[in-house]
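This report describes a ligand site and the record annotations that go with it. The sequence and structure come first.

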Amino acid sequence: MTFQSIGRPSVEVVIVQDAKAGGELIARGIADLLRRKPGALLGVATGSTPLPVYEALTAQVRAGDVDVSRARIAQLDEYVGLPAGHPESYRSVVLREVVEPLGLSPDSFMGPDGSAEDVQAACEAYDAALAAAGGVDLQLLGIGTDGHIGFNEPCSSLASRTRIKTLTERTRVDNARFFGGDIAQVPHHVITQGIGTILEARHLVLLATGEGKAEAVAATVEGPVAAVCPASALQLHPHATVVVDEAAASKLKLADYFRHTYANKPAWQGL
Ligand code: PGA
């Protein structure tokens, strides 16, 4: 056992009061990483959940607490077939919610090409680009109500690489709110980093908030490693952190143990 791994369970669960506290905790972790490695490659997620992370990190940058100017940003997934520049393409979302508020140049940002003629080639090119960039240092993840990470829907191969996927009806219903509530506007297909790709990041940080995620969180952390709950693949990673608010933690049988473990965590371990 290395000294670093003492007391760090494979999936560490941190229960916080609310989404804001979760965002601040993760933003502090990202800032610590950027102090150690100013050119770190940050894998970002879209959806509603990570917004408090980006807000807290932006606030730290504006306060002069952290320098993000050399950070690089990598996208997790992308819709297939939305016209270039569509406001809900994940490229647009990441530029609007992460790259611009942090004052980064669009050159610091990479993502899969959802409008490519040859989608398969675009997927392979993205995996190759991530590797050529030195790999993702910290991958932020949300979780779907069906347990997906990225857009790896249930029964995705746990060894999968970046590829095209078909969204479940449940995910399309969940995401219709970004398309004016009209499910017909939500694409059926996406490019997503595979689970195998995601597992190559040096640190995985999953944030889940709200009761709607409680079941998926319990399956992720306390269930078996199973493709039916893609997020359970985090159990295979040596450094995975799951940050949940009280509502998302409400179905965890080991909640008291997780609280105790975190309260007694050695400060030198960081996030
Ligand atoms: P949400 O999406 O944060 O908008 O709930 C999470 C996800 O689908 O990964």
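## Pocket and ligand

A pocket here is an open set of points on a 1 Å grid over the protein atoms alone, with protein on both sides within 12 Å along at least five of seven lines; a molecule sits in it if more than half of its atoms lie within 2 Å of its grid points.

This is a predicted model, in which local features need pLDDT of at least 70, side-chain atom pairs count only at pLDDT 80 or more, and totals for chains, interfaces and linings use all residues. Residues are numbered from 1 along each chain as its sequence is written, and side-chain values use heavy atoms, with hydrogens and water left out.

## Contacts

Around the ligand are Gly47, Ser48, Thr49, Gly142, Ile143, Gly144, His148, Arg177 and Lys213, each with a heavy atom within 4 Å of it. By class, this shell holds one nonpolar, six polar and two charged residues, with Gly counted as polar.

The protein buries 85% of the 280 Å² that the ligand exposes when taken alone (Shrake-Rupley method, 1.4 Å probe).

## Record annotations

An unreviewed UniProt entry lists Asp77, Asp146, His148 and Glu153 under "active site". Of this set, Asp77 and His148 belong to the lining of the largest pocket, meaning that they have an atom within 4 Å of a grid point.

Technical notes: UniProt positions renumbered as here; feature names shortened; annotations may be inferred. 1 Å grid on protein atoms, 1.4 Å probe; cavity = no way out; pocket = protein on both sides within 12 Å on 5 of 7 lines; lining within 4 Å.
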